[in-house]
Amino acid sequence: MSASSSHNTIGSADLSHWVRRANRAVGVLSPLWLAQLVLRFGLAVPFFRSGMSKWDGFLQLNDVAVLLFSSEFKLHLPGGPYPYPAPEIMAFAAGSAEILLPILLVLGLATRFAALGLLVMTIVVQLTVPDGWPIHITWAAMALGIMASGPGKLSLDRLLCAWHGGPQKS
């Protein structure tokens, strides 16, 4: 082995060592439980805010929410766009889900199912507002991350599992 190839091998080993140390340091600064908590809040906030804008009181949809689903919102499917079927029911369902699912996410209760519900809603929103894909793909990524990794240590799901003697997964 020549001196120059020996020097490159030592340099590569040193670089590899420093990369591993840097990765461990970053990992300490970003524990999984914190990422899971931030993902839950990050996904919950825009949906909850949207849901709050649809209500005038307890179970009382405002006129704007119904108007949006009856005349403004369209589903952009092949051969469309098409109007929403049963706009009052759709407005009520969307408004209810936009309140309930984010609350479940923040509490970490039925977390994966809440994230799945918001992923489905994101897909419907994408079909309604196709140009909004940059934000919609962010919501989808957050929902998928929550579905894949679970609620994390700071969640009611974890507390309930511990209380009932279930597995202590993230």
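Leu107 is partly exposed, because its relative accessible area is 41% and the label covers values between buried (under 20%) and exposed (over 50%), taken with a 1.4 Å probe and protein chains only. The residue sits in helix 4, where helices (H or I, at least four residues) and strands (E, at least two) are DSSP runs numbered from the N terminus. The model is a predicted one, in which local features need pLDDT of at least 70, side-chain atom pairs count only at pLDDT 80 or more, and totals for chains, interfaces and linings use all residues. Residues are numbered from 1 along each chain as its sequence is written, and side-chain values use heavy atoms, with hydrogens and water left out.

Leu107 belongs to a nonpolar surface patch of about 580 Å², together with Ile103, Leu156, Leu159, Leu160 and Trp163. Patches are built from residues with over 30% relative accessible area and no salt bridge, with nonpolar side chains (Val, Leu, Ile, Met, Phe, Trp, Tyr) joined within 5 Å and like charges within 9 Å. The areas follow the Shrake-Rupley method with a 1.4 Å probe, and for residues only the protein chains shown count as cover. Helix 4 (87–107) and helix 7 (156–163) each supply at least two residues of this patch, and helix 7 gives the most, with four.

Glu98 lies in helix 4 and Lys54 in the loop between helix 2 (32–52) and strand 1 (55–57), so the pair ties together parts that are 44 residues apart in sequence. Both Glu98 and Lys54 are buried.

Helix packing comes next. Two packed helices are described by the angle between their axes and the distance between the axes. The axes are lines fitted to C-alpha atoms over the stretch in contact, and angles run from 0 to 180 degrees between N-to-C directions. Helix 3 (residues 63–72) packs on helix 4 at about 125°, with the axes 8 Å apart. That makes helix 3 oblique to helix 4, since angles under 35 degrees count as roughly parallel, over 145 as roughly antiparallel, 65 to 115 as roughly perpendicular and the rest as oblique. For helix 2 and helix 6 (residues 133–149), the angle is about 135° and the axes are 9 Å apart, which makes helix 2 oblique to helix 6.

Some backbone details are found in the loops. Gly80 and Pro81 are joined by a cis peptide bond, with omega about 20°, and Pro81 lies in the loop between strand 3 (74–75) and strand 4 (82–83). Ala86, in the loop between strand 4 and helix 4, has a positive phi of about 45° although it is not a glycine. Ala86 is partly exposed at 41% relative accessible area. Ala110, in the loop between helix 4 and helix 5 (111–128), has a positive phi of about 50° and is likewise not a glycine. With 32% relative accessibility, Ala110 counts as partly exposed.

Conventions. A salt bridge is a side-chain nitrogen of Lys or Arg within 4 Å of a carboxyl oxygen of Asp or Glu.
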